[in-house]
Amino acid sequence: MRIGVAGLGTVGVGLLQLLADERRAGRARIEATVTAICARDRRRDRGIDLADMTWVDDPVALAASDEIDVFVELMGGASGAAKTAVETALEAGKPVVTANKALIAAHGLSLARLAEERGTALKFEAAIAGGVPIVRGLRDGLALCHTERLSGILNGTCNFILDKMTAEGAAFDEVLKEAQEAGYAEADPSFDIDGIDAAHKLHILAMIAFDAALPDDAVTAQGITGVGLGDLAMATRLDRVMKLVAEARQQGDGLALRVTPALVPYDHAFAQAHGPGNAVSVTASPLGDLLFAGPGAGGGATAAAVAADLCTLARGDGGPVFASPAMRLREVTIADAGDIQDIYALRLPLAADHGALDDLVTDIEAAGVGIDRLDLPPSLGTAGDIDAIAVTTSVKARDLRSVLDKLSAQSALRHAPGAYPMIDP
């Protein structure tokens with residue numbers, strides 16, 4: 001199998017190294033050679049011997065080249081050269097392996113149709129959760145199961161930031177800068193911290209898990225930019241930790257998909273996912289609850305997922321791109337994420353008049369949101385300000401938001417209250 005690789009960043013170089021190590025070890029799990037490569041800078045030293053590979057300046061030309069049998073796209077981006085190159089390879093009947101979640105989330109359905117029309121394969125295990133085989137697990141392992149709910153920790157940048165803020169008591173901006181300096185966050189981190197990356201991954205997983213064709217705007221996303229140290233302190237007081245949770249669940253006759261900061265118990269599997277670690281929980285009948293967890297980012301983990309897809313192709317294992325052929329994916333109603341019901345933790349930042357708490361609780365309950373528990377810390381703090389915690393009964397996100405909007409205008413609060421769903425096993 002002759003492979004063309006477009007993109008020689010951390011993952012691309014990791015893949016070349018992995019294949020080189022395989023050859024040196026004399027293992028026969030895959031007979032594959034990278035014959036041609038493409039990247040932005042030909043002169044850059046990548047620490048690996050590229051002498052035996054043909055350099056192609058244009059990724060689209062590489063995709064069309066007769067020198068390759070399989071095209072590996074590791075450039076990134078939902079459009080432009082990455083999309084055109086993948087389409088070119090598929091049009092020519094060449095299998096494609098990609099780690100590009102933005103591309104699959106935006107154009108996966110049309111690319112799947114193209115691949116299946118041309119009788120070739122499109123593989124993207126590396127696009128989600130790095131080295132965790134969640135795509136294969138959903139597509140093949142749960143092929144005839146009925147998925148009821150899927151949720152997960154899917155973004156390493158947010159995981160790193162929230163972990164660091166919790167452990168060190170450092171402010172969001174400070175930790176974000178540290179994450180950028182360490183290479184965990186981009187110069188423009190909005191793709192990660194605004195929840196877009198996690199939303200893309202959830203979109204793809206939901207298409208497989210629920211055997212559905214989803215519209216581009218199926219996922220409602222809220223990132224972590226609004227999470228402050230007071231919110232993390234609230235999580236600690238409730239014996240929980242803050243995580244950015246991506247979730248898809250059946251909601252009435254529709255499917256609700258959202259990404260949101262949420263509080264999970266210390267003993268929850270999601271609480272054990274740190275830094276680049278990812279975890280995905282699936283509830284499917286007749287199996288029940290399953291957990292997929294492991295390294296979700298990094299050159300080695302993602303390169304291993306690309307290599308696994310290459311091995312699948314070498315064995316002749318094609319099959320549909322998603323759980324079913326693209327033309328047979330079912331249309332689903334996207335439920336309003338505002339209708340999702342959860343128990344919420346509310347952080348009520350009281351001003352000096354602590355006696356106003358009773359009035360606030362009365363207002364909340366009068367608006368139809370039940371309060372199951374109230375918590376006040378033993379110390380009022382040097383300034384006399386205090387964060388009270390109210391744990392609600394089960395309430396729709398929309399109804400809670402309406403109440404919070406009214407509370408934000410009250411002088412009894414120093415600033416707008418925080419509200420986060422409480423996720424339990």
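**Briefing: sheet, cavity and pocket in a predicted model**

Six strands form an open sheet in the order β3-β2-β1-β4-β5-β6, with parallel pairing. Its edge strands, β3 (54-55) and β6 (122-123), each pair on one side only. Strands (E, at least two residues) and helices (H or I, at least four) are DSSP runs numbered from the N terminus; two strands pair if DSSP finds at least two bridges between them.

This is a predicted model, in which local features need pLDDT of at least 70, side-chain atom pairs count only at pLDDT 80 or more, and totals for chains, interfaces and linings use all residues. Residues are numbered from 1 along each chain as its sequence is written, and side-chain values use heavy atoms, with hydrogens and water left out.

**Confidence**
- The mean pLDDT is 91, and 97% of the residues score at least 70; pLDDT is the predictor's confidence in each residue, from 0 to 100.
- Among the elements, β4 has the highest mean (98) and helix α12 (residues 356-366) the lowest (85).

**Around β4**
- β1 (residues 2-6) pairs with β4 (residues 70-73) in the parallel sense over four bridges.
- Alanine 6 stands opposite glutamate 73 in β4.
- Helix α3 (residues 80-91) lies across β4 and β5 (96-98), and runs at about 165° to β4. Axes are lines fitted to C-alpha atoms, for helices over the stretch in contact (heavy atoms within 4.5 Å). Angles run from 0 to 180 degrees between N-to-C directions.

**The cavity**
- The whole structure holds one cavity of 30 Å³ or more. On a 1 Å grid over the protein atoms alone, a cavity is a set of points where a 1.4 Å probe fits but cannot get out.
- The largest cavity has about 110 Å³ of space. Volume is the space filled by probe spheres set on the points, which are joined across faces, edges and corners.
- Its lining (residues with an atom within 4 Å of a point) includes Lys123, Glu125, Arg136 and Asp309.
- β6, α5 (134-141) and α11 (299-314) each supply at least two lining residues; α5 gives the most, four.
- Asp, Glu, Lys and Arg count as charged; Ala, Val, Leu, Ile, Met, Phe, Trp, Tyr, Cys and Pro as nonpolar; the others, Gly among them, as polar.

**The second largest pocket**
- This pocket has about 470 Å³ of space. A pocket is an open set with protein on both sides within 12 Å along at least five of seven lines.
- Of its 26 lining residues, Gln222, Thr260, Tyr344, Arg401 and Ala419 lie nearest the centre.
- α13 supplies the largest share of the lining, five residues.
- The lining divides into 15 nonpolar, eight polar and three charged residues.
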